[in-house]
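Please find below a colleague's note on the model under review.

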Amino acid sequence: MMYSEKVMDHFSNPRNVGEIEDADGIGEIGNAKCGDIMKMYLKINNGIITDAKFKTFGCGAAVATSSMATELIKGKSIDDALKLTNDAVVEALDGLPAVKIHCSVLAEQAVRSALSDYYTRQGIDPLPIVGEIHEPEE
């Protein structure tokens, strides 16, 4: 299985690893089949994601996709973060092997899950804004 240099870089030197103690939104997504679990922490100020961190238990591709996802949403508005697709994560990593595409879906859903939690904490129903959160299929 061949990984791009970017995937290897984000796996070997993942960005934004850890937790945010006073996070405004925390999302956790798991894939029962492959055992990958992603937890994402967001700090949000005036609708802007000022910080994003993650903890991922899983394969190299799961670590790389969560690292890239946090990089893609940091400094962006919530609206922009909601537009983040797994395809954008894959593209930013210069591709993923087909059997690892579900990792990018996991990263997208972890971002959505954290944003959903953020709205819930604000007393706002997240469903109309964030949509359904899906556990990714293999």
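1. The structure is a predicted model, and the points below should be read accordingly.

2. Salt bridges overall. How many salt bridges does a search of the whole structure find? The search returns 10.

3. The side chains of Lys55 and Glu19 form a salt bridge, with an N to O distance of 2.5 Å. This pair joins distant parts of the chain, its members being 36 residues apart. Lys55 belongs to strand S3 (residues 48-57), whereas Glu19 sits in the loop between H1 and strand S1 (25-30). Lys55 is partly exposed at a relative accessible area of 39%, and Glu19 is likewise partly exposed, at 43%.

4. Two further pairs. Asp51 and Lys53 are joined by a salt bridge in which the closest N and O atoms lie 3.9 Å apart; the cut-off for such a contact is 4 Å. Lys53 has a relative accessibility of 23% and is therefore classed as partly exposed. Another salt bridge connects the side chains of Asp80 and Lys83, at 3.7 Å from N to O. Here Asp80 is partly exposed, with a relative accessible area of 37%, while Lys83 is exposed, with a value of 59%.

5. A network. Asp22, Asp24 and Lys43 are connected to one another through a network of salt bridges.

6. Helix H2. This helix comprises 14 residues, 60-73. From its first C-alpha to its last, H2 reaches 20 Å, close to the 20 Å expected at 1.5 Å a residue. Is H2 mostly covered or mostly open? H2 is mostly covered, with 11 of its 14 residues buried. Among the buried residues of H2 are Ala61, Ala62, Val63 and Ala64, and also Met68, Ala69 and Ile73.

7. A negative patch. Which residues gather in a patch of negative charge on the surface? The patch consists of Glu5, Asp87, Glu91 and Asp94. Glu5 lies in helix H1 (residues 5-12). With a relative accessible area of 74%, Glu5 is exposed.

Methods: Residues numbered from 1 in each chain as written. Predicted model: local features only at pLDDT ≥ 70, side-chain atom pairs only at ≥ 80, totals over all residues. Heavy atoms only, no water. Patch = residues over 30% accessible without salt bridge, like charges linked within 9 Å, V, L, I, M, F, W, Y side chains within 5 Å. Areas by Shrake-Rupley, 256 points an atom, 1.4 Å probe, with all protein chains shown as cover. Lys, Arg positive; Asp, Glu negative; His and termini not counted. Charge placed at Lys NZ, Arg CZ, Asp CG, Glu CD. Helix = DSSP H or I, 4+ residues; strand = E, 2+ residues; numbered from the N terminus. Buried < 20%, exposed > 50% of the residue type's maximum accessible area, 1.4 Å probe, protein only. Expected span 1.5 Å × (residues − 1).
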